[in-house]
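Let's take a walk through this model together, starting at the ligand and then moving on to a pocket.

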Amino acid sequence: MAAQALSERDLAFMLYELFDAESLTKRPRYADHSRETFDAAIETGKTVALKHFLPIRQQVDINEPTFDGERVHLLPEIKPALDAVIEAGLAAPATDFEDGGMQLPLIVTNAVQAHLWAAASTTFGYISLTNANANLIEAHGSPEQVEKWVKPMREGRFMGTMAMTEPGAGSGLADLTTTATRESDGSYRITGNKIFISGGDHELSDNIVHLVLARVKDAPKGVKGISLFIVPKFLVNEDGSNGERNDVALAGLFHKMGGRGQTSTALSFGEKDGAVGYLVGEENRGLMYMFHMMNEARIMVGTGAALTALTGYQYSLDYARERPQGRLLANKDPESSPINIIEHPDVRRMLLTQKAYAEGAYALCLYGSQLADDEKTAETEEERAHAHTLLDFLTPIIKSWPSEYGPQANSLAIQVMGGHGYINEHPVEMFYRDNRLNPIHEGTTGIQSLDLLGRKVPMNKFAGYRAVLAEMQQTIEQARDSELSLFAADLQAALEELQQTTSAVLGATAEKNTDLVFSNSVSYLEMFGHVVIAWIWLRQGLAADAGLQRNPHAEDEHFYRGKLQAMQYFFRSELPKIYHWSKLVREIDSTSFDMQPEWF
Ligand SMILES: Cc1cc2nc3c(=O)[nH]c(=O)nc-3n(C[C@H](O)[C@H](O)[C@H](O)COP(=O)(O)OP(=O)(O)OC[C@H]3O[C@@H](n4cnc5c(N)ncnc54)[C@H](O)[C@@H]3O)c2cc1C
C-alpha cells in the first residue's frame, strides 16, 4: 500500500507546466542548473524519503519522545534519517555553492523537500527550523555570528529553534517577560521560561542554537521593547569546539495530539546565573528580525499542511482503488461481485474534494516559493519589489488556507477508508492529528485574519491588495477566450464581490467599533483564500488545457482531465461559499460580537 507518498507526475506538472521553473536557469544565479539537475535533486529527495523516512513514518508517532530528567530519548532511527538528509545535501539546497549548498531556486527546493515532508511527517521540522534560524542570522546577524552559528548549522552539526512563546505570551507576544541583562563583555544574561519550543532539546546535533525573544531591562513596554538573542545550549570556544553547558534547562516535554516526530519543549533560561545570550542586530528591534524567520516559517507551515493533505489523499486514493465493497444502486444483482469503493460517486466526491484542497494548497505554496525566488533574483529591481509586495500580502493566506483545508482533506481521507481509516494500522488518522497543529502555531487562523484585513490590505495604500487583484485579473483575461471562459467569468464575479466587501468592511471602521467591524475577519480570510485558490485552480486548468492540446498519450490525458475536473469541482462546490462569507463581512454581522460571555 502506498509505495510512495506523492504523485511525481503532479509535482512535475506544477513545477514545469504551471510555474515554468526551467526558465529560472536563465538567471545568472541558476545558470549552472538545468531541468536535469533539478530532477536529479528531486530524485535524491525521493530516494532518501523512501529509504529512511517512509519505513518509520508511524513508528515516530507511536514512540513519542521521552525525557528521563536528564536526557531526551527519541526513536533511534530518527538520527540516521536526518543525517542522510544532511549528507545528501538536502537540508539547505538553496544555499550558495561556496557554502556547500546546491544553489537551487526556492521553488525547486520546495519540490526537492516535498517527498521528505510527505514521508517524514513532522520529523523534517528539525531541518526546516534549523534552516529558517540560519537564514535569519545570515540576514540580521554580524559576520562573526554567521561564522560561529550559521556555518555549523549549514553543515548539519548544530540545529536551531525559534523561542518566542511563553506561558503568558502566545498570540500576544507584546506581553512576553523573559529578560536580558547587559554584561560588561557585550553579551547578555537571559532569564525566563519559554514553552512549546519545537526541537528545543535532543541529542541529534552537537549543539542547539536558540533564537530567543526577550526584553532588555528598562526597555519600552509592548512589541517595541523586544530584542532577539542567540542563546546556545553549549557555549562555543574560540576554535569552534563546544565549551561548557549554557544555563538553559529542559523543564519538560509536551505530549501532543500529533507532531510527535519532533520534540516540543518547555525551556528554562537562567535558573542559575543567567543564560549567556548574544544580541542579534540592535536592541528593541527583535520582533522585526524575528519576522524574517516567522514569514519563512509561515510558508513552511502552509507547505507542510498542503503536503500532509496530499499524502493523505494519495493514500486514500490507493486504498479506494483496491477496496471492494457494495454495489452501485443501479445494480440489483446480489450474485455480482462487489465493486471497488472508488466506483461509488460519494467516494469520488470525497477524493475530488481532497484533490481540490490539497493540490490547490500545494500549488499556492509553490507560487509563494516562486515569489521568494523572484524577490531575490528577478531581473529588474521593479520585478523584485513587485514579487516582495505579492509575497508579503499573500503570506497570511499561504499560511492559513492550507492549514485549515489540509486537515479537512485528511479528515476526508479517514472517511474514504471508513473504520480502516480510524485505526492506526493506516497512517491517515496520524496525518489528521499531525495537520491539526497547523492552524494553531505560527499565528493562529484568527491572528492571520486580523493581519490580512487590518494590516496587509490597507498597507502602503493598498499596494499588495491591488497587486494580487491585478495578477488574478491577468489570468482572467488569459482564460476569457479559452475553453475555460465560464470559469473566468465566475472568477471575475468573485473578484468584484471581494472588492465590494473590502470597501464595505474597511469603510465601516470610520464609524463603528473596531472590534465589531473585525469580528468577522476569519470569514474575510476564508473568502479571500477561496478566491485565491480558485485563481490558482484556473491557472492549473489553463496549464492542463494546454497539455491536452498537445495530444498527450492516454495516461497524460487522464492526468490533465483529472486536473480540469478538480478545477471544476472547486468552482462549482467551493467558490460559491464566498457569497455567504461576504454577506457576513459586508453587513458587519454582529452575532458573535453581541454574544455576551455570561450568555454561554
Ligand atoms: C506543537 C506546537 C509547536 C510549537 N512550536 C513553537 C516554536 O517552535 N516556537 C514558539 O515560539 N512557539 C511555538 N508554538 C507556540 C504557538 O505558536 C502558540 O501556541 C500559538 O501562537 C498560540 O498561542 P497560545 O497557545 O498561547 O494561544 P492563545 O494566544 O492563548 O490563543 C488562544 C485562542 O485565542 C485566540 N486569540 C488570542 N489572541 C487573540 C486576539 N488578539 N484576537 C483574536 N483572537 C485571539 C487565538 O486565535 C486562539 O484561538 C508551538 C505550539 C505548539 C502547540
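In what follows, Ala, Val, Leu, Ile, Met, Phe, Trp, Tyr, Cys and Pro count as nonpolar, Asp, Glu, Lys and Arg as charged, and the others, Gly among them, as polar. Please bear in mind that this is a predicted model.

With those classes in hand, look at the ligand. The shell around the ligand holds 9 nonpolar, 7 polar and 2 charged residues. That shell is made of 18 residues, and the closest are M162, T165, S171, F196 and T444.

Now zoom in on the polar side chains. T165 places a polar side-chain atom 2.6 Å from a nitrogen atom of the ligand, and S198 has one 2.8 Å from a ligand nitrogen atom. How much of the ligand does the protein bury? Of the 970 Å² that the ligand exposes when taken alone, the protein buries 62%.

Step back to the secondary structure. Two or more shell residues come from each of β3 (158–163), β5 (188–198) and α13 (445–456). The biggest share is from β5, which gives 3 residues.

The top contributor is α8, with 9 residues. By class, the lining divides into 13 nonpolar, 16 polar and 14 charged residues.

How values were computed. Residues are numbered from 1 along each chain as its sequence is written. This is a predicted model: local features need pLDDT of at least 70, side-chain atom pairs count only at pLDDT 80 or more; totals for chains, interfaces and linings use all residues. Side-chain values use heavy atoms; hydrogens and water are left out. A residue is near a molecule or strand if one of its heavy atoms lies within 4 Å of it. A polar contact is a pair of N or O atoms within 3.5 Å; within protein, one must be able to donate a hydrogen and the other to accept it, and residues adjacent in sequence count only if both atoms are side-chain atoms. Accessible areas come from the Shrake-Rupley method with a 1.4 Å probe; for residues, only the protein chains shown count as cover. Helices (H or I, at least four residues) and strands (E, at least two) are DSSP runs, numbered from the N terminus.
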